[in-house]
Each structure stands twice: as structure tokens, then as C-alpha cells.
Amino acid sequence: GGGPGGPPTPDQARRLPVPPPPPRLVPADAVNGANGGAGARLRVLGSGSARIALGERRELTGVLENAAGEPIAGAQVDVIVHRRVRGATGEIAGAARTDEAGRFRFVLPPGPSRIVTFGYRVRLSDRAYDRTVSTTVEVAAPVSLAVSRTRVANGETVRFRGAVTGAPPGSRKAVRLEVRVGRAWRTLRSVTLDGRGRFAARHRFERTLRTRRYAFRAAVPRDATWPFADSASRPVAVTVVGRRP
């Protein structure tokens with residue numbers, strides 16, 4: 001495995017539920033590609049990060065060779081896509097065809113983080129793959145954050161509101177409202193999405209006895225049920241005029 005996005009995590013790769021190849025009405029002895037055969041080598045090419053923004057496409061390329069290292073030309077390579085969440089089932093997303101050098105390409109349409117698996121079968125009539133290889137494409141969901149007031153006095157309250165673009169309908173994903181302390185971000189409180197990708201929170205300043213400027217952000221951590229990479233909003237600032245409550 002490997003490629004631009006790196007391999008899937010061990011727990012995802014160990015038992016990746018790859019569906020069987022789609023049936024094809026072809027002669028049972030027809031070999032898939034010139035120089036094709038058992039023991040093929042299938043690789044994903046490319047370098048750099050496969051972390052992309054929501055709404056972007058990603059071109060994935062690879063090469064198919066036989067056991068002797070010769071390119072397999074004119075072969076069909078099936079493309080299976082899994083959303084990168086626990087328990088996802090794979091779906092056949094299409095197929096790529098190799099050129100004379102055994103190279104193939106597939107453009108992944110916009111969507112959440114996914115594991116993309118390429119599968120080669122020796123014969124198109126086969127109901128199992130001779131070789132598969134997977135790579136991961138990470139997608140970050142944009143997070144926005146706004147504050148009702150940018151200047152308050154100690155003892156007063158501000159309201160935060162924000163949204164996570166691309167959040168699945170009905171999601172109650174936890175969002176961390178964080179404050180910058182030195183060089184680190186610390187969690188102030190957690191709020192949940194309202195099912196429509198939005199969230200809101202209030203905070204009352206009670207311990208600022210001298211004027212101070214605070215930086216806040218909203219962070220959405222990745223977990224096994226969230227189909228996006230870690231993401232965070234741009235910081236927003238609030239100046240608190242210190243006085244005893």
C-alpha cells in the first residue's frame with residue numbers, strides 16, 4: 001500500500017471489506033491485459049500530501065506490472081472507495097485502464113475522507129482480485145467561528161456561533177471551543193452540532209482583573225465515526241477590560 005496519502009491505518013487495512021468485482025460477460029479464459037497473469041504488481045504512484053480541501057478532486061495514478069516486472073497494458077483496474085469511518089462498506093466507484101506503460105489514472109470526485117482501493121483480476125470473469133492496493137485521501141471540513149462582541153468587561157458574557165461545512169445531516173459531532181494559552185490551545189468547553197452543521201456557546205468572563213486579549217478557535221477532532229480529518233477555524237479575538245466583578 002501507500003502512495004500520496006499513505007496507507008490506511010492498521011485497523012482499517014487489516015480487514016478492509018473489499019466487495020467482489022462486478023460480473024462481466026466475457027470469455028472465461030480471456031486474460032485481463034497484455035502480459036497479464038497471476039502474481040501481478042500493483043502500485044499507487046505520487047508523492048506529497050493527499051490532504052485536500054472539501055470540494056476538491058484528487059487525481060490518483062498507479063502502475064500495473066506482471067510478476068516479471070513487465071507492464072500490463074490495456075488492463076482494467078477496478079476502483080473501490082470506502083468512507084474513512086468505522087464499519088464502512090466499499091463501493092465500486094468505476095474502473096481505470098492501463099496504457100502501454102502499465103500506468104493508470106483515476107480522478108476521485110469531491111467528498112469526505114476516503115480509502116481508495118485499486119483491484120486487478122487476472123480474468124475479467126474472475127470473482128476475486130489477484131492483487132489490491134489502497135491509499136488514503138484525507139479531506140478537511142471547513143470550520144467557521146464568530147463572536148458576538150470583540151470587547152467586553154470582566155463579568156460580561158459573549159456568544160460564540162459557528163458551522164462545520166460538509167457535516168453529515170443529523171450529525172451531533174462534538175466541537176471543542178479552545179482558548180490560546182501561551183503557545184498551546186486548551187479546551188474551554190465542548191459543544192455539539194445541532195444536526196445542521198451549526199453550533200453555539202456562551203462564555204462569561206469572571207477572572208480577568210486586568211485588560212487582556214484572548215484568542216479563541218473551534219476545533220473538530222477526527223474520530224472513527226467522523227469522515228473528515230482534524231480541522232479548526234481561524235482564531236477570533238476578544239479583549240476583556242479587567243475589573244473586579
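The following questions and answers concern a predicted model.

Colleague: Is Asp 78 buried or exposed?

Modeller: Asp 78 lies in strand 4, which covers residues 76-83. Its relative accessible area is 2%. A residue counts as buried when this value is under 20%, so Asp 78 is buried.

Colleague: Which residues have side chains joined to that of Asp 78 by a polar contact?

Modeller: A polar contact requires a pair of N or O atoms within 3.5 Å. The side chains of Asp 78 and Gln 76 are joined by such a contact, of 2.8 Å. Another, of 3.2 Å, links the side chain of Asp 78 to that of Arg 121. The residues asked for are therefore Gln 76 and Arg 121.

Colleague: Which residues have the most contacts inside the largest nonpolar core?

Modeller: In soluble globular proteins, nonpolar side chains tend to be buried together. The largest nonpolar core of this model has 48 residues. Its largest share, 4 residues, comes from strand 16 (residues 212-220). The residues with the most contacts inside the core are Phe 118, Val 164 and Phe 199.

Colleague: Which strands stand at the edges of the open sheet of 3 strands?

Modeller: The strands of this sheet have the order 1-3-6, with antiparallel pairing. Strand 1 (41-45) and strand 6 (103-108) each have a single partner strand, so one side of each is left without a neighbour in the sheet. Neighbouring strands are turned by 25 degrees against each other on average, direction ignored. The strands at the edges are strand 1 and strand 6.

Colleague: What is the bridge partner of Arg 41 in strand 3?

Modeller: Strand 1 pairs with strand 3 (residues 58-65) in the antiparallel sense, over 5 bridges. In strand 3, the bridge partner of Arg 41 is Glu 65.

Colleague: What distance separates the C-alpha atoms of Val 179 and Val 236?

Modeller: Val 179 is found in strand 13 (residues 174-181) and counts as buried, at 12% relative accessibility. Beyond four places in sequence, the residues Val 179 touches include Trp 185, Tyr 214 and Phe 216. Val 236 is 57 residues away from Val 179 along the chain, and their C-alpha atoms are separated by 9.7 Å.

How values were computed: Residues numbered from 1 in each chain as written. Predicted model: local features only at pLDDT ≥ 70, side-chain atom pairs only at ≥ 80, totals over all residues. Heavy atoms only, no water. Helix = DSSP H or I, 4+ residues; strand = E, 2+ residues; numbered from the N terminus. Buried < 20%, exposed > 50% of the residue type's maximum accessible area, 1.4 Å probe, protein only. Polar contact = N/O pair within 3.5 Å; in protein donor to acceptor, adjacent residues only side chain to side chain. Core = buried A, V, L, I, M, F, W, Y, C linked by side-chain atoms within 4.5 Å. Pairing = 2+ DSSP bridges. Axes fitted to C-alpha atoms, helices over the stretch in contact; angles between N-to-C directions. Contact = heavy atoms within 4.5 Å.
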